[in-house]
Amino acid sequence: MPSPNWGLISRPKLLGIYNSMVSINYATREVTCKIVYYGPGLSGKTTNLIYVHEKVPSSTKGKLISLATEADRTLYFDFLPINIGQVNGFTAKFQLYTVPGQVYYNATRKLVLRGVDGLVFVADSQADKMDENIESLTNLKENLAEYGYDYKNFPIVIQYNKRDLPGAMTVEDLEAKLNPEKWKSFEGEAVKGTGVFDTLKMIIKLVLAKAQTSDSNKSQKLSSTAEAPQPETSSTPSQPVAPVVAPDMEAPEPSASEVEPAPIAAKADPVTVDNPELTREEVYRPEIRQEPGLVDLPDEKENVSNSTDKIKRIQQEVPEMEPVSASNRPFPGSSTAGLSRRERRITVSDFQPTASAPESETHTEQIPDENQEIKNIETNMPKPIMAPSTRVVTKKRGFFKRLFGIK
Amino acid sequence: MSDDNLIIYEEEIEKIDAVLGKMLKGAEAKCALMVDKDGHLITRQGFTHSLDTTALAALLAGSFASTKEIARLVGESEFSVLFHQGKKDHIHMSLVGDRSIMVVIFDDRTTIGMVRLYAKEAAAELGKVFESLANRPAEDNPGIDNEFASSAGDRLDDIFQD
């Protein structure tokens with residue numbers, strides 16, 4: 001396998017570290033949750049968002065952003081922020097994302113799943129779309145596993161969309177095939193809006209409930225999450241054999257098991273930090289007291305007296321940047337070695353009126369700025385004067401000689 | 001990182017804001033955003049009133065994520081600095097720590113070199129702040145309580161009506 005090295009580098013950051021949790025900002029007093037609509041292509045994920053965007057009061061919603069192709073297929077994601085306002089002194093915000101449904105967009109789909117708090121799986125109820133539903137669902141489980149989430153304990157709601165279409169299967173059949181985990185499910189017609197809000201309300205409630213339980217079990221969770229990734233990763237290498245989704249899936253997994261200790265070690269650190277009983281204030285306040293002084297004083301010094309410092313720094317920075325461009329130069333550089341030869345040729349070829357014209361054009365592109373103007377003049381001048389002069393003069397001489405009868 | 005939860009306290013935001021403010025002043029840039037890789041806006045400084053920072057944060061995080069995947073395909077683990085050049089306004093993004101992105105928006109009053117210089121400095125400082133934030137003992141992170149979830153549930157019924 002050619003690529004496991006790349007997997008080695010990138011995978012450990014993705015593995016096991018991420019657990020479902022909302023983001024809480026105590027400074028702005030905001031709680032933010034990320035909810036992703038998942039499902040096969042054309043199942044109505046974006047339509048769900050559009051309906052929500054249309055119907056929700058304008059004070060609570062932001063702009064609906066859609067990164068779509070010209071044919072209105074989602075290319076990267078759709079994004080709709082919703083702000084339900086103050087709840088117990090905190091502003092509750094929900095960010096709704098959709099993923100591109102097509103199979104070959106798995107790379108971008110996986111990116112959108114990063115840091116997800118809750119999932120809505122939008123399934124297409126039509127009988128002939130069942131295979132796509134199942135494929136998308138297995139893909140979802142794989143992608144979740146790669147981020148270290150356990151789909152069995154993840155807040156997921158299923159929406160059986162397109163109930164109005166004639167080829168729709170019965171809910172019982174859909175449940176049997178798609179929902180063995182017994183997630184909450186809703187029937188929907190996203191175009192008309194049926195079931196859209198029910199689905200959204202349910203997933204938000206599940207996400208908040210999950211956040212609640214994960215907070216109360218924080219200490220337990222720490223130990224459980226440290227152990228949890230191990231069985232997952234040991235099981236994942238066996239998974240990609242069965243589903244044939246993307247070739248790049250195979251590369252990361254073996255590396256994942258190799259580099260497994262890294263995230264655990266990262267997790268072990270805060271536990272050790274717990275033991276010396278330093279309260280947060282003891283640990284962080286001294287820094288805060290120091291920080292404003294550290295921030296302000298050198299800043300003023302710089303502005304008042306050490307303006308030369310700035311210049312020095314910039315001068316230091318500039319040579320730092322130049323070698324980068326110089327190191328990028330090997331290709332142009334190798335051509336500049338050839339350029340000097342060509343320059344010499346110019347002077348020779350200038351006197352050969354027929355050959356000079358096409359070559360001089362290529363030279364002017366590569367010659368450094370200082371010489372460029374001179375060369376432009378040089379190359380421009382000879383062409384009109386030299387070329388016609390050599391030819392015309394001979395003719396003229398012949399012409400005048402003939403005219404005046406000079407021999 | 002003890003958990004995936006991003007919980008930030010006021011004093012930490014103040015620290016981050018101070019570093020960003022200092023950087024903006026030095027580089028003479030328009031504004032700076034601190035964005036989580038998940039797409040959440042952490043904080044912002046400078047002239048951001050005319051910007052839809054929520055959407056901006058989500059999109060910037062998205063573009064950063066996609067370049068990370070590009071980097072992986074090329075054999076690089078991650079591109080730590082991104083630069084978008086426009087006609088008037090330009091955007092400089094740099095990675096801070098493991099999971100945050102510092103975004104600086106600037107125009108032709110300053111130069112990319114200045115922004116790079118100060119952004120590099122600020123990123124190193126912010127890296128320390130985020131490290132201390134990540135190593136914070138888990139018990140100190142109170143999360144959502146029961147009341148919040150239930151009263152949020154009540155609000156949902158008011159807002160989401162067909």
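**View 1. Buried residues of helix H2 in chain A.** In this predicted model, the helix H2(A) holds a run of buried residues, namely A:Lys45, A:Thr46, A:Thr47, A:Asn48, A:Leu49, A:Ile50, A:Tyr51 and A:Val52. Helix H2 of chain A spans residues 45-55, and because eight of its 11 residues are buried, the helix is largely enclosed by the rest of the structure.

**View 2. Strand S2 of chain A and its partner strands.** Strand S2(A), which covers residues 30-38, has eight of its nine residues buried, so this strand too is largely enclosed by the rest of the structure. Strand S1 (residues 23-25) of chain A pairs with S2(A) in the antiparallel sense over three bridges, and within this pairing A:Ser23 stands opposite A:Thr32. The hairpin made by S1(A) and S2(A) has four residues between the strands, and in this hairpin A:Arg29 takes a positive phi near 55°. With strand S5 (residues 90-98) of chain A, by contrast, S2(A) runs parallel, and eight bridges join the two; here A:Lys34 has A:Gln95 as its bridge partner. S2(A) also runs parallel to strand S6 (residues 118-124) of chain A, to which four bridges join it, and A:Val36 stands opposite A:Leu119 in S6(A).

**View 3. A:Lys141 in helix H4 of chain A.** The residue A:Lys141 is found in helix H4, which is made up of residues 130-146 of chain A. Because 18 other C-beta atoms lie within 10 Å, A:Lys141 counts as partly exposed. A:Lys141 and A:Lys152 are 11 residues apart in sequence, while their C-alpha atoms are 9.3 Å apart in space.

**View 4. The open sheet of chain B.** Five strands of chain B form an open sheet with antiparallel pairing, and their order across the sheet is S3-S2-S6-S5-S4. Strand S3 (41-46) and strand S4 (81-84) of chain B stand at the edges with a single partner strand each, so one side of each is left without a neighbour in the sheet. On average, and with direction ignored, neighbouring strands of this sheet are turned by 15° against each other. S4(B) pairs in the antiparallel sense with strand S5 (residues 90-96) of chain B over four bridges, and B:His84 stands opposite B:Ile91 in S5(B).

**View 5. Helices H2 and H3 on the sheet of chain B.** Helix H2 (residues 53-74) of chain B packs on the sheet and touches S2, S3, S4, S5 and S6 of chain B, its direction making about 65° with that of S2(B). Helix H3 (residues 112-134) of chain B lies across S4, S5 and S6 of chain B, and runs at about 30° to S5(B).

Note on methods:
Residues numbered from 1 in each chain as written. Chains lettered and ligands numbered in written order. Predicted model: local features only at pLDDT ≥ 70, side-chain atom pairs only at ≥ 80, totals over all residues. Pairing = 2+ DSSP bridges. Axes fitted to C-alpha atoms, helices over the stretch in contact; angles between N-to-C directions. Contact = placed C-beta atoms within 7 Å. Buried ≥ 20, exposed ≤ 12 C-beta atoms within 10 Å, placed from the backbone.
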